[in-house]
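Biologist: Please take a close look at one part of this protein for me. I would like to know what is packed around it and how it sits in the whole.

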Amino acid sequence: MSPATTTPISWFASGRKCLGQSVSGDLAWVNELPGVIVVALFDGLGHGPRAHAAANRAKRVLSSKCELPLLELFDEIDAALKDEIGGVLGVAKFDIDTRSVRYCGVGNVAARRVFPTSTSLPSAPGIVGQRYSRPPVRVVPMSAGDVWLFHTDGVSSNFNIADYPQMAYHAPRTIANTALRRFSSDFDDATCVAIRVNE
Ligand SMILES: [Mn+2]
């Protein structure tokens with residue numbers, strides 16, 4: 001994926017598959033709609049071909065239905081995954097007009113604003129495609145200079161960008177690649193999306 005150039009948001013998605021696997025069960029998906037940038041991160045249960053198939057299914061729904069309100073989008077993906085292995089999912093909508101970020105997450109997927117202040121958006125328990133609690137929709141303000149990280153559990157949540165004070169000033173490509181290189185496990189698929197709200 002390539003970073004946005006025509007919007008007030010720049011982003012980069014970086015990912016790597018589990019050692020020994022030929023495919024990844026993680027999916028980072030970003031779409032720029034008029035006024036809204038949708039960022040989705042899916043992690044199919046386990047890894048390998050079954051997780052990859054689930055991620056592909058989630059991707060098809062995202063591609064056709066990402067304009068739906070978040071909870072309806074989750075319902076659609078849940079229904080589409082009924083005969084797949086399921087997975088965890090986080091979806092954020094960066095709304096340019098209202099300068100806000102709406103987020104829903106189910107399962108172990110991280111959504112964090114890491115700069116200038118740290119805020120983690122919690123997920124509801126469960127597995128999309130199997131059983132989950134309808135996630136609350138979180139709405140937080142979006143300000144120029146904010147840096148967000150979305151990552152799967154292949155990247156450690158212990159990673160704190162405050163420990164690397166220069167990092168937040170780098171381009172999203174560098175932030176995502178660095179998080180992946182320094183803080184990911186070889187033994188799981190690992191994916192990180194870095195987002196910067198431009199001035
Ligand atoms: Mn994982």
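Biologist: Which residues of helix 1 are buried, and what covers them?

Modeller: A caution before the details: this is a predicted model. Helix 1 runs over residues 49-65. Its 17 residues reach 24 Å from first C-alpha to last. That is close to the 24 Å expected at 1.5 Å a residue.

Now the buried residues. In helix 1 they are Ala-51, His-52, Ala-54, Ala-55, Arg-57, Ala-58, Val-61 and Leu-62. The cover over them includes strand 2 (26-33) and strand 3 (36-44). Helix 2 (70-80) and strand 4 (87-95) are also part of that cover.

Ala-58 is among the residues with the most contacts inside the largest nonpolar core. That core has 56 residues. Leu-89, Phe-150, Ala-176, Val-193 and Ala-194 share this standing with Ala-58.

Take Val-193 next. Leave aside its neighbours within four places in sequence.

Five strands make it up, in the order 1-12-11-6-7, with antiparallel pairing. Strand 1 (9-16) and strand 7 (119-120) each have a single partner strand, so one side of each is left without a neighbour in the sheet. Strand 7 pairs with strand 6 (residues 109-115) over two bridges, in the antiparallel sense. Within that pairing, Arg-112 has Ser-120 of strand 7 as its bridge partner.

His-170 lies between strand 11 (147-152) and helix 3 (172-183). It has 16 other C-beta atoms within 10 Å, so it counts as partly exposed. Burial would take 20 or more. The C-alpha atoms of His-170 and Arg-196 are separated by 9.5 Å, though the two residues are 26 apart along the chain.

Last, the whole. The protein has three helices and 12 strands. Its radius of gyration is 15 Å, close to the 16 Å that the globule rule gives for 199 residues, so it is as compact as a globular protein of that length. The C-alpha trace spans about 45 × 35 × 30 Å along its principal axes. Of the 199 residues, 46% count as buried. Consider contacts between residues at least 6 apart in sequence: 66% of these join residues at least 24 apart.

Note on methods
Residues numbered from 1 in each chain as written. Predicted model: local features only at pLDDT ≥ 70, side-chain atom pairs only at ≥ 80, totals over all residues. Pairing = 2+ DSSP bridges. Helix = DSSP H or I, 4+ residues; strand = E, 2+ residues; numbered from the N terminus. Expected span 1.5 Å × (residues − 1). Buried ≥ 20, exposed ≤ 12 C-beta atoms within 10 Å, placed from the backbone. Contact = placed C-beta atoms within 7 Å. Core = buried A, V, L, I, M, F, W, Y, C linked by C-beta atoms within 7 Å. Rg over C-alpha atoms; globule rule 2.2 N^0.38 Å.
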